[in-house]
Amino acid sequence: MPDSKVTAIAHPNIAFIKYWGNRDDALRLPSNGSISMNLEGLTTTTNVRFNSLLKEDLLTLNNKKLSGPALERVRTFLDLIRSIANKRIFAEVTSENNFPTGAGIASSASAFAALAMAATKAIGLNLTEAELSHLARHGSGSACRSIPDGFVEWYSGDQDEKSYAASIAPAASWDLVDCIALVTIGHKEVGSTAGHRLANTSPLQTARVQDAPRRLDICRSAILKKDFQQFAEIIELDSNLMHAVMMTSTPPLFYWEPQTLEVMRAVRNWRGQGIPVGYTLDAGPNVHVICLSSDYEKIKHNLEQMSFIQRVIIAKPGSGAVVLSN
Ligand code: PMV
């Protein structure tokens, strides 16, 4: 096989209905379906070059050669692609994020979405969007949601092949803005892979999962109808439910800082005053404050008035993962 080099680009995503806990940890088959929005402007750009002279896979992230668990995770993922392509050839992977690492913006979603796109193309596979999403899920669950465009739903699926994500509305369909309020930068937390394994130790997880289809329906219809009030209420409930599970796991996971709660309260107050705004949180203390593009400058300004907020990153609905060059 001649050397082939492909670059792909993917955005991280913010979940509105969260994925937390797996039915099968090894396959990353989620306990419940989820809904998210890709984040425009924040990107992972990944170049993959399969080279018959290489003796092993190599990984460079943000100009740093990586070894250890990060490299192992990428190798396991490339093994999967090699087995689908039925080829035994190693790759040099070079990846760059344009957003700060340690800022609490999950980079594994954009990382594995971009890697799935670039590596499959480079090895000569031509997969459909659903197949790419299904494949990316094996690298990081939420990565399957960074493959399709805009507002995306990940179907939990009753078996491996049926668990993938698809777009429910294009990025341009609703002019939402995510104002990501960074409360802490570079805080060390329990990562999501370890966190998912603890979900079932919480007695609240069963109730959260059982009620998920209802929340998915409400969130999906709010996005399609552009009903902000319905949308804000369901995303806040869903985020609170996930954090309730986290806090009641054994051992408990407390991702909130006192300032996190302060931002959440401020957001609810602003909504009480008539501004369409709502919050959601990932596995970290930073708050994703979601509003309409007509209000984002005001919301950003309000957030920047809070002395403890280190930075506010702005992201609009983003496109799906794409191959840049061949
Ligand atoms: O894909 P993972 O394993 O990084 O898990 C993502 C978990 C959350 O970000 C907390 C929720 C979600 O649905 O994105």
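The lining of the second largest pocket draws at least three residues from each of domain 1 (3-172) and domain 2 (173-315), with domain bounds taken from an automatic or database domain assignment. This is a predicted model, in which local features need pLDDT of at least 70 and side-chain atom pairs count only at pLDDT 80 or more, while totals for chains, interfaces and linings use all residues. Residues are numbered from 1 along each chain as its sequence is written, and side-chain values use heavy atoms, with hydrogens and water left out.

**The pocket**

The second largest pocket has a volume of about 220 Å³. A pocket is an open set of points on a 1 Å grid over the protein atoms alone, where a 1.4 Å probe fits, with protein on both sides within 12 Å along at least five of seven lines; lining residues have an atom within 4 Å of a point. The volume is the space filled by probe spheres set on the points, which are joined across faces, edges and corners.

The lining has 14 residues, and the closest to the pocket centre are Ala-26, Arg-28, Thr-76, His-138 and Gly-139. Helix H1 (68-85), helix H3 (129-139) and helix H4 (192-198) each give two or more residues to this lining. H1 gives the most, with 4 residues. Helices are DSSP runs (H or I, at least four residues), as are strands (E, at least two), numbered from the N terminus.

**The ligand**

The ligand is surrounded by 14 residues (a heavy atom within 4 Å). The closest are Tyr-19, Ser-142, Arg-145, Ser-192 and His-196. The table gives polar contacts, which are pairs of N or O atoms within 3.5 Å.

| Side chain | Distance to an oxygen atom of the ligand |
|---|---|
| Ser-140 | 3.1 Å |
| Ser-142 | 2.7 Å |
| Ser-192 | 2.7 Å |

Taken alone, the ligand exposes 380 Å², and the protein buries 97% of that; the areas come from the Shrake-Rupley method with a 1.4 Å probe. The shell around the ligand also draws at least three residues from each of domain 1 (3-172) and domain 2 (173-315).

**Backbone**

Most residues other than glycine have a negative phi, and most peptide bonds are trans. Thr-250 and Pro-251 are joined by a cis peptide bond, with omega about -5°. Pro-251 lies in the loop between helix H7 (228-247) and helix H8 (258-272). Asn-62 has a positive phi, near 50°, and is found in the loop between strand E7 (58-61) and strand E8 (64-65).

Conventions: Polar contact = N/O pair within 3.5 Å; in protein donor to acceptor, adjacent residues only side chain to side chain.
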